[in-house]
Amino acid sequence: MNSLKLTTCIVAAALTAGTAFAADTYGPFPVTVKGYGGEKANSVAYSGQVARHVLHDSLKKLAGKGNGGANAAELEAQMLSYFNGSDKDLPIIAPVSKDGFPIKQTTVNELSSGKNIAGKFYDGAMPAWPGDMTGKEVVLHMIAQAAKADGGFDAANGYDYAQLISKFTMGAMPFSQAVDNYLDEKLGAGTKPNGEAYKDGAYYTGKEHVWDEAFGYFGAAAHSLTLSAEDNYNVAKMKDLAAADANGDGVIDLKTEYVFGPAYYAAGADKSGKTAYMQTITQAFIDGRSLIASAAGENLTDAQRAELQGYAKTIADNWEMVLAEATFKYAGSVYKDISALTEAADDAARAKAYRKYVKHWGELKGFAMALQSGKNNLGKTAVHLNRLIGYGPVTLDGTFVSGLDADGNFEKNRKMSWNSYQLHMLRVQELLANSFGIEARANDQTAELAGLVDSLSGDGGAETD
Amino acid sequence: MDLFDQIAAVFADFANPKKRVFFGYLALSVLIALTWLVCIRKTPLRAALARVFDRKVLLSKSSLADCKIFVINRLFTFLISPLLLSQVAIATAIYFFLHGQDFLVPAHFSGLSQGMVVALFTAALFVADDFSKYLVHRWMHRFPLLWALHKVHHSATTLTPVTVYRVHPLEGVLYTLRGVAAQGTVIPVFYYLFGDAVSLYTVVGVNVLVFLFHVTGSNLRHSHISIRYWPWLEHILISPAQHQLHHSVAERHFDKNFGAALAVWDWLFNSLHLSETDQELTFGLDASERSSADSLKVLYLQPVADIGRLLRRRLRSGFGFIRRTFRRA
C-alpha cells in the first residue's frame, strides 16, 4: 500500500514538473539568466523580427506606388530606406490602423530601432531570376524595376513587383534566417550558450533569445495556438479585432498580437482542414521555449539540445511545406487565369484577366524563389521548377522573358502557347506534390480528374461476357 | 475482420448496384423471365416457375463450378487492385498530353450547358466502354493465347447469372486493364474539353445507361431463358438469346455476337447473328478443346499449360527460322 502511495506521489510530482512551463501562448517565460538583477520578469524578446516584418510589409506597399517613371528615383530611394534600414525613424506603411482594427505602433522604431532587411537577406545563388545574381542582388534589381513601373505592374514583361518582392522576401529573410541560422548553427553547444546572458546585461540567455528570434521570424501572434486557422488568417487580414486583441486593451500590439506573412500562409493552408502547419510549428516553438526555460539558466545538456533540435526540425520541415503549398496554390491560380484569359469576351475583360494572371504569377514565382532561399539545396527540383515557371510568364503576344541583355534589360526571345504554359503549371503542381509531400494542395488542377476516375472505379467494368 | 465480415466481403457484389449480380437486378431478371414465359410464350405460371428455377440448370456440376470459381477468384483480387491505381496515372498522362496539342484549348467547350455536358459524358463513357468490351472479346476468340484463357468461360455447359464470374484470373486482369484504358481515356478527354462541368448521370451510383442495361435483364444473357428481341432491335442491342447463341457449340454460331450491351459493333464488323426461333442450344466447348465443365484443376491450370505450350512452339519456330536463314546465308 505504501509503495502505491509513493508511486502516486512520484507520478503526481512528475506531472507537475512537466507542466511547470507547459503553455499555449508563446510567453511569458521567466527570466533565468544567472545573476540578473533587473526588473524584467519575462525573458521573451523578438521585437527586432517584428520590426523586420513591418519593414517587409511596408516595402511591399511601396513597390506598388510607382507612376511609370516620373517618381522612380525618389521611390527607389524610399524603398531602399526600408530595405537597408535608416537612421531616421521610418513610418510604418503597412500594416496600419483601419476602422475596427487599430494598431498600437505607427513607426518602426516603436518596435525596434536600427533594423533592416538587407543584413538578413539570403545572399546565395538565385538562378530562378535572369542575370546570374545572388539573392540580394535579385531583390535590389526588382526594387529598381518596381520604382520605374506603373503601380508595380510591368505589363510588357508580365511582372507584379509588389508580389515578387514580397513573396521572395518571405523566404529570403524570415525563412532563411530561421531555418538556416537560428534553428541551425545557433543551436550548437558552443554558440550562444544557455548558461550565459545573450549579451552583457541582457535579461535573456543565449539559447532563449536565439529561439525567440526564430519564433519572431515565423510571425505568429503569441496567442496563435489558441486561435483557429480561420481566426489566425483573419487577424492577418485585419478582419477580426476580438481574435487579435489578446490582452483586451482595444489596440493591436504588433509585437505580440498580429500574424505576419509566413504564419499567415501556414494558417491559409490549414483552413483547408487537411493540414495543421500553424499548430504544429507554433506548438514546436512553445515546446522548445519551455524546454529552454526548464534548464533554469544552465547550459543545455546534450539530451536537451537533441530534443530542441528535434523541435527545430519539425519547424523547418513544416515551414518549407507551407512555402511549397503556397507555390502549389498559385500554380493552380495561374492555370485558371490562363483559361479566363483565353476565354475573355473583349479587350477590357482580357486586360483585367491579364492583370490578375500577372499578380498570381508574381506570387507563384516569389514563393518558388522563397523555397530556394532556405537551408536545403533543392537540387534537381529547383532546376525543374525554375525551368517550368520560367524567368517570366507567357505574355499576351506569346513571348516571355528569356534573359537580361548586356545593359540589364529584359530580353524576350522565346515564345510559348497558352496550352503549353498551362501544362507547365500542371507539372509544377505534380513536381511540388511529389517533392514535398504537401497535403492542402489548394487549386489542385488534377484533383478533380483523379476524383472523377476514382468515382467510376469498381463499376463492373471487369465483367466478362 | 471476423469471419462474418470476411464472408460478407466475399459476397459483397450481390449487394452492390454497380455489379450485374446485385440482388435487385437478379430479382428483376426473374420477373422479366416469368413475364416472358407467361405472357409471350403462353407457359402456365407453375411451369414457368419450374422452368426459371430449373434444378437441372441451377444445380448442375457446371453451375456449382461457377460458384466455386466465384469464391476462389475473390482471392485473386490482389492482382486487380494495383491496376486501378494506374487508371489515375493514365488519365493524368493523357490530360497532360492534351495540353501539348495546341489546336485544342483546355475547357474549349465549357460554354455548353451542364446538362448537355453530363449527357454527352454519360453516353460517351458507356459507348467507349461497350466498344472496348466488344474489341477485347473478339480478340479473346481470335488469338490462341487469349482463347486459352477465355475458353474457361465457354466451358460452362449450363448458364446462370453467376457464370459471368466464370473467368480465369488472368482474363480478369486483362478485362480490368481494358476498363482502365477505356475510362482512363474518355475521362481526361472530356475533362480537358469541357472543364469541371464533367460528371455522370447516375442512378444508385451507377451510370444511368449501365443501370438500364441491368434492370432490363442483363443477367438473362447467362441463363437458359431464351428471350429474343425484334430483329431490328437485335441489330442495336444484344438480346439474351443472342448471347446464349454465342455460347453455343454449333459451328455456325462460332465467333458471333461478341457485343456486351450494344449489337451495333457486331453489325458493323460482320459478326452479328440474330437469334433463332425455338433455338435449342447446347452450351460448352468442343471435345477437342479438352476442357472441363466442372474440374477446377483443369479450369485453372489448363490455360496456363496451354499458354506455355503455345509460347514454346512460337519460340521453336522462331529459332527454326533463324537457323534456316543462317544456313541459307
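Q: Which residues of helix 8 of chain B are buried?
A: They are L146(B), A148(B), L149(B), H150(B), K151(B), V152(B), H153(B) and H154(B). A residue counts as buried if 20 or more other C-beta atoms, placed from the backbone, lie within 10 Å of its own; with 12 or fewer it is exposed, and in between it is partly exposed. This is a predicted model, where local features need pLDDT of at least 70 and side-chain atom pairs count only at pLDDT 80 or more, while totals for chains, interfaces and linings use all residues. Residues are numbered from 1 along each chain as its sequence is written, and chains are lettered from A and ligands numbered from 1 in the order in which they are written.

Q: Why is helix 8 of chain B called largely enclosed?
A: Eight of its 11 residues (144–154) pass the buried test, so the rest of the structure largely encloses this helix. Its cover includes helix 7 (114–142), helix 9 (169–194) and helix 14 (296–328) of chain B. Helices here are DSSP runs of H or I with at least four residues, strands are runs of E with at least two, and both are numbered from the N terminus.

Q: What makes chain B as compact as a globular protein of its length?
A: Chain B has 14 helices and two strands. Its radius of gyration, 22 Å, is close to the 20 Å that the globule rule gives for 329 residues, so chain B is as compact as a globular protein of that length. The radius is taken over C-alpha atoms, and the rule is 2.2 Å times the number of residues to the power 0.38. Along the principal axes, the C-alpha atoms of chain B fill a box of roughly 70 × 65 × 50 Å. Of its 329 residues, 37% count as buried.

Q: How do you know that the span of helix 6 of chain A is close to the expected one?
A: Helix 6 (residues 206–218) has 13 residues and reaches 19 Å from its first C-alpha to its last, close to the expected 18 Å. That expectation is 1.5 Å times one less than the number of residues. All 13 of the 13 residues are buried, so helix 6 of chain A is largely enclosed too. Just after this helix, G219(A) takes a positive phi of about 90°.

Q: What makes two residues count as being in contact?
A: Their C-beta atoms, placed from the backbone, must lie within 7 Å. By that test, 24 residues of chain A are in contact with 40 residues of chain B. Helix 15 of chain A gives the most to its side, with six residues. By class, that side of chain A has eight nonpolar, 12 polar and four charged residues. Here Ala, Val, Leu, Ile, Met, Phe, Trp, Tyr, Cys and Pro are nonpolar, Asp, Glu, Lys and Arg are charged, and the others, Gly among them, are polar.
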